[in-house]
Amino acid sequence: MNKIIVITGAGKGIGRAIALEFASRSKAQVSQPCTLVLSSRTPEDLESLAEACRKTGIAVETCRADIANPDDVERLIAFTMERFGRIDCLVNNAGVGRFKPLSELTLDDFDYMMSVNARGTFHLSRDVYTIMEKQGSGHIFFITSIAAEMAFTSSTVYSMSKFAQKGLVEALRLYARKSGIRITNVMPGAALTPMWGDVPSSMQEVMMRPEDIATPVVDAWLQPARTVVEELVLRPTGGDITT
Ligand SMILES: NC(=O)c1ccc[n+]([C@@H]2O[C@H](COP(=O)([O-])OP(=O)(O)OC[C@H]3O[C@@H](n4cnc5c(N)ncnc54)[C@H](OP(=O)(O)O)[C@@H]3O)[C@@H](O)[C@H]2O)c1
């Protein structure tokens, strides 16, 4: 049976790499074929990614959704359930960051980051977890960050939102262990993606690449159902990069 995998923030960066990795490994792992549901706010990104994934021979659907918008979250879930009747894997990857000194952070910055990273991720995870609990199986990934357990001066609110995600991961895990659902917290350090904007070449050289995160995520998914990779911490070999 095809496994139904929903990826948020799939259009760019780490989410895009995870989608491509699922697509190529699905073909190689005939025991675990999958159908991807790719979501983000930009339809053009989703269509070009879907085309690339379909070249591996797998089925792909796209669904535009802003996870900060409750109607969109509900529409993404309804879209998936109407077509497939189940969700086997959710990759909570959509996330935003505005990085600046404390004194320059506005309440709008606060609301923006918290509404996507904390509230949107909570809303989607709560509803998908409920579906998985009824199914008796499922796997939820959270792409949090090393900023989910340590602070940087340029990322006060980003860290607050990522600490919030980690709180959600840990609470959900208490439920999940009783219902056969796997929860994986993925905590990357600096990876070169559009989130960083313009990056000097000296910094680019030492940053991870999105595929460095994507490969262990799909490895974790491919573990036997009896085993859960609870945490993945991935850092540039030279340590954290601070701006
Ligand atoms: N890059 C890093 O160094 C790093 C390190 C640790 C953790 N992370 C985390 O990894 C995740 C992916 O980051 P990235 O670096 O790949 O970022 P990115 O390059 O900016 O990509 C983020 C993706 O999320 C989507 N997105 C943003 N807001 C959304 C919303 N409200 N609803 C739905 N989709 C939304 C974006 O597409 P649209 O704008 O089209 O919606 C885009 O496809 C984030 O949660 C980030 O916090 C990144």
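How many bridges join strand 1 to strand 4? Three, and strand 1 (residues 3-8) and strand 4 run parallel. I7 stands opposite V91 in strand 4.

This is a predicted model, in which local features need pLDDT of at least 70, side-chain atom pairs count only at pLDDT 80 or more, and totals for chains, interfaces and linings use all residues. Residues are numbered from 1 along each chain as its sequence is written.

**The sheet**

Helices (H or I, at least four residues) and strands (E, at least two) are DSSP runs, numbered from the N terminus. Two strands pair if DSSP finds at least two bridges between them. Seven strands form an open sheet in the order 3-2-1-4-5-6-7, with parallel pairing. Strand 3 (59-64) and strand 7 (231-234) stand at the edges with a single partner strand each, so one side of each lacks a neighbour in the sheet. From one strand to the next, the twist averages 15°.

| Strand pair | Bridges | Residues standing opposite |
|---|---|---|
| strand 2 and strand 3, parallel | six | L36 and V60 |
| strand 4 and strand 5, parallel | four | N92 and F142 |

The chain passes from strand 4 through helix 4 to strand 5 in a right-handed β-α-β crossover. Right-handed means that, with the strands pointing away from the viewer, the path from the first strand over the helix to the second runs clockwise.

In strand 4 (residues 89-92), C89 and V91 point one way, L90 and N92 the other, and all are buried. Buried means 20 or more other C-beta atoms within 10 Å of the residue's own, with C-beta atoms placed from the backbone.

**The helices**

Axes are lines fitted to C-alpha atoms, for helices over the stretch in contact, and angles run from 0 to 180 degrees between N-to-C directions. Contact requires C-beta atoms, placed from the backbone, within 7 Å.

Helix 2 (residues 43-54) packs on the sheet and touches strand 2 and strand 3. Its direction makes about 175° with that of strand 3. Helix 5 lies across strand 5 (138-143) and strand 6 (181-188), at about 155° to strand 6.

The axes of helix 4 (residues 107-135) and helix 5 (residues 156-179) come within 9 Å and cross at roughly 10°. That makes helix 4 roughly parallel to helix 5 (angles under 35 degrees). By class, the contact has 12 nonpolar, six polar and three charged residues. Ala, Val, Leu, Ile, Met, Phe, Trp, Tyr, Cys and Pro count as nonpolar, Asp, Glu, Lys and Arg as charged, and the others, Gly among them, as polar.

How values were computed. Parallel < 35°, antiparallel > 145°, perpendicular 65-115°, else oblique. Contact = placed C-beta atoms within 7 Å. Buried ≥ 20, exposed ≤ 12 C-beta atoms within 10 Å, placed from the backbone.
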